Amino acid sequence: MADRSLRGMRLGAQSLQSEEGVVFSDRTRFVYLCPECNHETALMFAADAEAPETWECRHCGHEAVLMVGSEPITIDKSDQKQARTHWDMLLERRSREELEELLEERLSFLRERRGLNKKVGA
Ligand SMILES: [Zn+2]
């Protein structure tokens, strides 16, 4: 019994030691500040990796915001809504009526190409 627990400790100590030799090269430390609890979460990313703008707060689980210097970055709210689709972008540029018109144009063009407009023609 005593022998066993000793062995267990020895194994644990060894696995801790093995991390000492690891060289953390080319890594950058990023700090995320949680607006909810003011807790700072520090993370290491590879130097060439782009750090995400937000990270889950390790303290309360809210969304912590990446700090640049002593200020949290400003997050463009428009990027926060779900990824914009082509359709969303279209709607930003054109009204629905315009789109319907375009669609109609496009459809009649396609019908013409297929020679269907003769039959469909109203
Ligand atoms: Zn927090």
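## A cysteine at the zinc site

C60 counts as partly exposed at 34% relative accessibility, a label for residues between the buried cut-off (under 20% relative accessible area) and the exposed one (over 50%), using a 1.4 Å probe and protein chains only. C37 is partly exposed too, with a relative accessible area of 29%.

Both belong to the zinc site: C34, C37, C57 and C60 each give the ion an SG donor, 2.2 to 2.3 Å away. Donors here are N, O and S atoms within 2.8 Å of the metal (3.2 Å for Na, K and Ca), with water not among the atoms. The spacing in sequence reads C-x2-C-x19-C-x2-C. C37 sits in the loop between β1 (27-33) and β2 (40-46) and C60 in the one between β3 (54-56) and β4 (63-68), so this pair ties together parts 23 residues apart in sequence. The angles at the zinc ion run from 103 to 117 degrees, so the arrangement is tetrahedral (four donors, all angles between 85 and 135 degrees).

## About the model

This is a predicted model, where local features need pLDDT of at least 70 and side-chain atom pairs 80 or more, while totals for chains, interfaces and linings use all residues. Numbering starts from 1 along each chain as its sequence is written, and side-chain values use heavy atoms, leaving out hydrogens and water.

## The overall fold

There are five helices and five strands, in the order α-β-β-β-β-β-α-α-α-α. These are DSSP runs numbered from the N terminus: H or I of at least four residues for helices, E of at least two for strands. Of the 122 residues, 13% are buried.

Key. Four donors count as tetrahedral if all angles lie between 85 and 135 degrees; four count as square planar and six as octahedral if opposite donors are over 155 degrees apart and all others between 65 and 115; anything else is irregular.
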